[in-house]
Amino acid sequence: MDLILKPARLTGAVMPPPSKSQAHRLLIAAALSDGVSEIEGVSDSQDMEATIRCMRALGAEFRRRAGGVSVTGLFCGGAPRCEALPRLDCGESGSTLRFLIPVALAVAGGGVFMGRGRLMERPQTAYAALFREKGIAFSLEDSVLTVRGVLRPGDYRLPGNVSSQFFTGLLYALPLLNGLSRLESTTELESAGYLDMTLEALHGAGITAARTGNAFFVMPGHYRSGRWAVEADWSQAAFFCVANGIGNAIQILGLNPDSAQGDRVIESYVNQMRASGPVTLDVRQCPDLAPALALQAALRAGEITRIVGAARLRIKESDRLATVTAALSALGAQIAEGPESLEIHGVSAFHGGEAHSGNDHRIAMMTAMAATRADGPVILRDAGCVAKSYPDFWQVYGRLGGKFEEIKE
């Protein structure tokens, strides 16, 4: 779907969608339990459906209902009921893939993983090296990943500067084993806030796991069913926060200021960019904020902003350093792309033009907000990719006063 976005300021109130990151974690914890759980606020985004689909393949049961999901854990009634080497279709969800590789090993002795878009191109070397050391088969052929072997309790070491998702996957799998395990980062941990979210979800499901510095200690245990509600998503709220930072007037409702979500730092970063003078923003702990931050930086007229610590943006749904640069430059932004950074010289307004989302939901939402400060129409290619995380984004955008129409070809 391609859209023509017409300049219009946004006003009104919005409730951001439920946190995708928290929902993944709660769904997996519930699916690993021996009872029935109720989770309120699970969106019907493509990423959520990917996790539900894969946990079904491992033996859990899910029932969608108004406002939430009922989950019957795969240990309900005894041992998991799944085929040998189940096939798990992860869609385009990197969280689903990386979280469930160790889980499938612990539950079913492995699995066959598939995906779409750039998913199977995204690095899995941290797992590949670790599993080779542990005697677990790990092979990727024709974009299909097959993992097979026995996951045993013990010591695990991974680099912490690639993705916290590898750690989360192991933190979910290790309690299912019959002994104490230690998981250590061989580098300084990045995106540590996401691991705080993981520990919070584990503790809520009755699992004993603790972090000391760069190491995690995990006790064997049984996942407990429960009732949980998913918080509003600070990652998605970031686009509305930045929209306000560039001159819109949106009231953002329902956010938890004390959330474990690391992306709550967006408010601080937006405020830093309201002031004059050069600003440097480090996104090592919050890489998903980079597209929104780049948008606000691009409209700091006469000011310089550097976004640093951004190497991991190259291995997202798109190469986000490249797609952010291309989309905003097409509208008149002045951006210099570095290997791990962006340097942005602010302009006073955007002109109309044509931008491509790169099939990346965050680039599409960034461009939508950019159009509110353009002096002419903006053509956005592949705007439907927002369904990955925010299926009703365009309806919400329209309710706030955003003007757009679909291009019929």
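Reader: Why is Ser 357 counted as buried?

Author: In this predicted model, Ser 357 has 0% relative accessibility. Buried means under 20%, so Ser 357 counts as buried.

Reader: Where is Ser 357, and which residues does Ser 357 touch?

Author: Ser 357 sits in the loop between β20 (353–356) and α11 (361–370). Not counting residues up to four places away in sequence, Ser 357 touches Ile 363, Ala 364, Leu 380, Arg 381, Asp 382 and Cys 385.

Reader: What makes the approach of the Ser 357 side chain to Asp 382 a polar contact?

Author: The side chain of Ser 357 reaches the backbone oxygen of Asp 382 at 2.9 Å. The cut-off for a pair of N or O atoms is within 3.5 Å, and 2.9 Å meets that cut-off.

Reader: Why is α7 called roughly parallel to α11?

Author: The axes of α7 (residues 234–245) and α11 come within 10 Å and cross at roughly 20°. Angles under 35 degrees count as roughly parallel, so α7 is roughly parallel to α11. The crossing of α7 and α11 is right-handed.

Reader: Which residues make the contact, and how do they divide by class?

Author: From α7 come Ser 235, Gln 236, Phe 239, Phe 240 and Ala 243. From α11 come Arg 362, Met 365, Met 366 and Met 369. By class, the contact has 6 nonpolar, 2 polar and 1 charged residues. Phe, Ala and Met count as nonpolar and Arg as charged.

Reader: Why is Ile 315 counted as partly exposed?

Author: The relative accessibility of Ile 315 is 24%. Buried would need under 20% and exposed over 50%, so Ile 315, at 24%, counts as partly exposed.

Reader: Where does Ile 315 lie, and which residues is Ile 315 in contact with?

Author: Ile 315 is in the loop between β17 (304–308) and α10 (320–329). Leaving aside neighbours within four places in sequence, Ile 315 is in contact with Arg 118, Arg 122 and Pro 123. Ile 315 and Glu 121 are 194 residues apart in sequence, and their C-alpha atoms are 8.4 Å apart in space.

Reader: Which residues of α4 are buried, and what covers them?

Author: In α4 (residues 125–133), the buried residues are Ala 126, Tyr 127, Ala 128, Leu 130 and Phe 131. Their cover includes α3 (94–108), β8 (137–141), β10 (155–158) and α5 (165–173). An α-helix has 3.6 residues a turn, so residues three or four places apart point the same way.

Reader: What is the phi of Gly 135, which follows α4?

Author: The phi of Gly 135 is positive, near 75°.

Conventions. Residues are numbered from 1 along each chain as its sequence is written. This is a predicted model: local features need pLDDT of at least 70, side-chain atom pairs count only at pLDDT 80 or more; totals for chains, interfaces and linings use all residues. Side-chain values use heavy atoms; hydrogens and water are left out. Buried means under 20% relative accessible area, exposed over 50%, partly exposed in between (1.4 Å probe, protein chains only). Helices (H or I, at least four residues) and strands (E, at least two) are DSSP runs, numbered from the N terminus. Contact means heavy atoms within 4.5 Å. A polar contact is a pair of N or O atoms within 3.5 Å; within protein, one must be able to donate a hydrogen and the other to accept it, and residues adjacent in sequence count only if both atoms are side-chain atoms. Axes are lines fitted to C-alpha atoms, for helices over the stretch in contact, and angles run from 0 to 180 degrees between N-to-C directions. Angles under 35 degrees count as roughly parallel, over 145 as roughly antiparallel, 65 to 115 as roughly perpendicular and the rest as oblique. A crossing is left-handed if the near helix is turned anticlockwise from the far one by less than a right angle, and right-handed if clockwise.
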